[in-house]
Amino acid sequence: MADSILKEIAAGNRTAVDECLKKYGGLVWSLARRMLRNSDDAEDAVQEIFLDIWKNAAKFDESQASETTFIAMIARRRLIDRIRFTSRRISADGLDDVMVEPADRADMKMQTSLEANDAVKALRSLRPEQQQVLELSIVQGLSHQEIADRTGMPLGTVKTHARRGILQAREFLGLTNPDRSREVHA
């Protein structure tokens with residue numbers, strides 16, 4: 001098995017830096033644009049994030065998280081730090097920009113909101129029967145047997161929809177281990 005890009009970066013492989021930018025640039029840019037208000041801040045943040053990724057590449061442990069998850073975690077932390085820093089400064093924004101932003105915005109609320117939106121998107125990407133089973137399980141707190149009784153599905157089918165739905169949602173969110181992602185399509 002080939003070493004991960006992060007391991008290659010940690011070993012000093014200069015071509016791995018380019019590979020990292022190509023492979024994860026879109027992910028980091030989309031996180032930055034979602035969390036920051038203007039594209040100049042997002043561009044600066046992306047540069048800082050990739051510097052952090054390169055500095056911390058040796059800390060990557062594939063037994064703890066996938067490479068995508070590791071990079072996303074570094075990106076989110078750096079972006080939250082940037083948001084906290086800018087919220088402490090006196091804003092030089094125009095009145096229109098200030099009026100659009102909620103006055104009580106807290107970093108934790110924003111982070112939770114972003115993660116909730118991502119979870120909803122992941123749930124919507126599933127097949128209807130998987131969505132139904134996961135909504136009954138997660139939102140309404142029903143057991144597999146209660147879901148089977150309510151929907152008329154066999155218990156084994158409910159369990160299969162729940163497992164595959166969770167695995168596919170995790171893959172959609174970039175939270176899967178590449179070796180385990182084959183199970184999703186089984």
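Visitor: Before we start, what does contact mean here?
Guide: Contact means that heavy atoms lie within 4.5 Å. The model discussed here is a predicted one.

Visitor: Good. Which residues does Asp 52 touch, then?
Guide: Leaving aside residues up to four places away in sequence, Asp 52 touches Ile 74 and Arg 78.

Visitor: Where is Asp 52 placed?
Guide: Asp 52 belongs to helix 3.

Visitor: And does Asp 52 count as buried or exposed?
Guide: Asp 52 counts as buried, because its relative accessibility is 17% and the cut-off for buried is under 20%.

Visitor: Stepping back, how many helices and strands does the protein have?
Guide: The protein has 9 helices and 0 strands. Along the sequence, the pattern reads α-α-α-α-α-α-α-α-α.

Visitor: What share of the residues is buried?
Guide: Of the 186 residues in the protein, 33% count as buried.

Visitor: On to the core. How many residues does the largest nonpolar core have?
Guide: That core has 27 residues, and Leu 6, Cys 20, Ile 53 and Leu 79 have the most contacts inside it. At least two residues of this core come from each of helix 1 (5-10), helix 2 (14-35), helix 3 (39-56) and helix 4 (67-88).

Visitor: Which helix gives the largest share of this core?
Guide: Helix 4 does, with 8 residues.

Visitor: You mentioned Leu 79. What does Leu 79 touch?
Guide: With residues up to four places away in sequence not counted, Leu 79 touches Leu 31, Ala 32, Met 35, Leu 36, Ala 45 and Ile 49. There is also a second, separate core of 10 residues, which includes Leu 126, Leu 134, Leu 136 and Met 153.

Visitor: New topic: how do the axes of helix 7 and helix 9 cross?
Guide: The axes of helix 7 (residues 128-139) and helix 9 (residues 155-172) come within 8 Å and cross at roughly 95°. The two helices, helix 7 and helix 9, are therefore roughly perpendicular to each other.

Visitor: Which residues meet there, between helix 7 and helix 9?
Guide: From helix 7, Glu 129, Gln 130, Val 133 and Leu 134 meet Val 158, His 161, Ala 162, Arg 164, Gly 165, Ile 166 and Gln 168 of helix 9. By class, this contact of helix 7 with helix 9 has 5 nonpolar, 4 polar and 2 charged residues.

Definitions and conventions. Residues are numbered from 1 along each chain as its sequence is written. This is a predicted model: local features need pLDDT of at least 70, side-chain atom pairs count only at pLDDT 80 or more; totals for chains, interfaces and linings use all residues. Side-chain values use heavy atoms; hydrogens and water are left out. Helices (H or I, at least four residues) and strands (E, at least two) are DSSP runs, numbered from the N terminus. Buried means under 20% relative accessible area, exposed over 50%, partly exposed in between (1.4 Å probe, protein chains only). Axes are lines fitted to C-alpha atoms, for helices over the stretch in contact, and angles run from 0 to 180 degrees between N-to-C directions. Angles under 35 degrees count as roughly parallel, over 145 as roughly antiparallel, 65 to 115 as roughly perpendicular and the rest as oblique. Ala, Val, Leu, Ile, Met, Phe, Trp, Tyr, Cys and Pro count as nonpolar, Asp, Glu, Lys and Arg as charged, and the others, Gly among them, as polar. A nonpolar core is a set of buried Ala, Val, Leu, Ile, Met, Phe, Trp, Tyr and Cys residues joined through side-chain atoms within 4.5 Å.
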